[in-house]
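Okay, thanks for making time, everyone.

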Amino acid sequence: MRQNAVMLIYPQFDPVAISLGPLAVRWYGLMYLAAFGAFWWLGRRRALAQPWHGLNPQQVEDLLFYGVLGVVIGGRLGQVLFYEPAYYFAHPLEILAVWKGGMSFHGGFLGVLVAMGLYAKKHGLGFWQLTDFIAPLVPVGLGLGRIGNFINGELWGRVAPDDLPWAMVFPHVDSLPRHPSQLYQALGEGLLLFALLWWFSSKRRPPRQVSALFLVGYGVARWVGEYFREPDHGIFGVSYVVSMGQWLSLPMILVGVFLFVRGIKK
């Protein structure tokens, strides 16, 4: 433990942002609302500035509705099936308690893919046409979700070196200095990935390439971020070598590289 040094202490946020009688509005839920709002605002700008996608601002609202369903249903089922199947099968009513947190990105990602497939089929649009459009809109929401994790005091980091200036003690976990990995991931999966995709998609690209860059960018950011985050209890157990999040990100990276190279060759 560091000697004669000021140690950062996790501020123990109240997870409830606003209480109105029996109604409690949680920060975690507000982060999701902010994420959906950012998707709507950025999506309308993108539709107006890049007509080659074949989408108008009104369709962005429909896409958001489908996306919300995919994120919530897929994210929750992913948490249940990938990370905590034993707990949720023993407490099935807890599956519905999404306001308490516990959403898997990879489950939400699969849910959004299904939702986009349904939307594309219903409106006669191309699947990749939609995913290339929405890919740059997603990272802002991912970053906000990680901030929600930090406020909730969940998904904390691995034990950090004693001399790391920004190492933080999470008193509800233990007294050891840890990486504030939620903030690392908010930066990598959120801000940096958004900047990369927004820049790359500012010009017309071959079909699938923007989607491919999202897959590779998120997969790499998540893979690196997992080395600073305390591993989750997944269906393969707890591993400090290759975590559950890394196993789930590996197919994203491989598929993304394949799609990106395929786009270059065309």
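This is a predicted model: local features need pLDDT of at least 70, side-chain atom pairs count only at pLDDT 80 or more; totals for chains, interfaces and linings use all residues.

Residues are numbered from 1 along each chain as its sequence is written, and side-chain values use heavy atoms, with hydrogens and water left out.

So, the helix pair. Helices here are DSSP runs of H or I with at least four residues, strands are E runs of at least two, and both are numbered from the N terminus. Take α6, residues 138–152, and α8, residues 209–226: their axes come within 12 Å and cross at roughly 20°. Those axes are lines fitted to C-alpha atoms over the stretch in contact, with angles from 0 to 180 degrees between N-to-C directions. That makes α6 and α8 roughly parallel, a label for angles under 35 degrees. The crossing of α6 and α8 is right-handed, meaning the near helix is turned clockwise from the far one by less than a right angle.

Who touches whom? On the α6 side you've got V138, P139, L142 and R146, and they meet F214, Y218 and R222 in α8; contact means heavy atoms within 4.5 Å. The residues of that α6–α8 contact split into five nonpolar, no polar and two charged. Pro and Tyr count as nonpolar in that scheme, and Arg as charged.

Now the cores. A nonpolar core is a set of buried Ala, Val, Leu, Ile, Met, Phe, Trp, Tyr and Cys residues joined through side-chain atoms within 4.5 Å, where buried is under 20% relative accessible area, exposed is over 50% and partly exposed is in between, using a 1.4 Å probe and protein chains only. The largest one has 20 residues, and L63, M116, L130, F133 and I134 have the most contacts inside it. Two or more residues each come from α1 (27–49), α2 (57–83), α4 (105–123) and α5 (127–134), with α4 giving the most, five. Leaving out residues up to four places away in sequence, M116 touches L63, Y66, G67, F127, L130 and I134. There's also a second, separate core of 15 residues, including L197, F200, V210 and L259.

Last, the backbone. L155, in the loop between α6 and β4 (168–169), has a positive phi near 55° without being a glycine. R208, in the loop between α7 (181–200) and α8, is another non-glycine with positive phi, about 85°. Buried or exposed, then, for R208? Buried, at 18% relative accessible area, while L155 is partly exposed at 23%.

Terms used:
Angles under 35 degrees count as roughly parallel, over 145 as roughly antiparallel, 65 to 115 as roughly perpendicular and the rest as oblique.
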